[in-house]
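Welcome to this short tour. Open your viewer, get your selection tool ready, and follow the stops below.

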Amino acid sequence: MNSAVAVSTAMHGLALGEAFSFDSLVEVIEKRRGRSIRIVELEELGHEASLCALLVELETEDLIFHAPTESQLHRQQFVLHEIAHLILGHIDGEELRVPDFLLPDIPPATRRRLLRRQNLNEPHEVAAESLADHLAAAIRLSMTHDSRFVEIFG
């Protein structure tokens, strides 16, 4: 399946319509995976590892770490990219390799899988970024709909 088809299929499979909030997206993914998603800013990602974000599958939850940024849109894109990997099933079968300085409080045996963005030209990364762009557009559209609702109905 090519990237455009995979992204289109994934968007349709969410059954959220053309506009939805970030929170409703996370809720659907948590329900689908049967586990919570925790989003954490991690200073070391940007400084020591030069990574934007990191996805770690633990026994009971999915952790998304993102580098600090002053831009809310930039932070949202980091997180949506990792959520896109979850939606597309990219974390399944990934080998666990993470430097200990990034996650010193999580024992290696607890970390089940890890996905980190290193080569943006790989097909999985291209598909995840494309899906993240589509998710961001739907979230922006949702904000426009909310504004019009409030504008019209108070």
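Start by selecting His134, which sits in helix α5 (residues 123–153); helices here are DSSP runs of H or I with at least four residues, numbered from the N terminus. This is a predicted model, where local features need pLDDT of at least 70, side-chain atom pairs count only at pLDDT 80 or more, and totals for chains, interfaces and linings use all residues. Residues are numbered from 1 along each chain as its sequence is written, and side-chain values use heavy atoms, with hydrogens and water left out.

Is His134 buried, exposed or in between? His134 is partly exposed, with a relative accessible area of 40% (buried means under 20%, exposed over 50%, partly exposed in between, using a 1.4 Å probe and protein chains only).

Now show the side chain of His134: it reaches the backbone oxygen of Ser130 at 2.8 Å. Leaving aside residues up to four places away in sequence, His134 touches Val7 and Met11 (contact means heavy atoms within 4.5 Å).

Next, select helix α1, residues 3–14. Its twelve residues reach 17 Å from first C-alpha to last, close to the 16 Å expected at 1.5 Å a residue (the expected span is 1.5 Å times one less than the number of residues).

Colour Ala6, Val7, Ala10, Met11 and Leu14, which are buried in α1. They lie on the same side of α1 because they cover an arc of only 130 degrees around the axis, taken from the directions from the helix axis to the C-beta atoms. Turn to the other side of α1 to find Ala4 and His12, both exposed.

Last stop: just after α1, Ala15 takes a positive phi of about 55 degrees.

Notes: Helix = DSSP H or I, 4+ residues; strand = E, 2+ residues; numbered from the N terminus. Polar contact = N/O pair within 3.5 Å; in protein donor to acceptor, adjacent residues only side chain to side chain.
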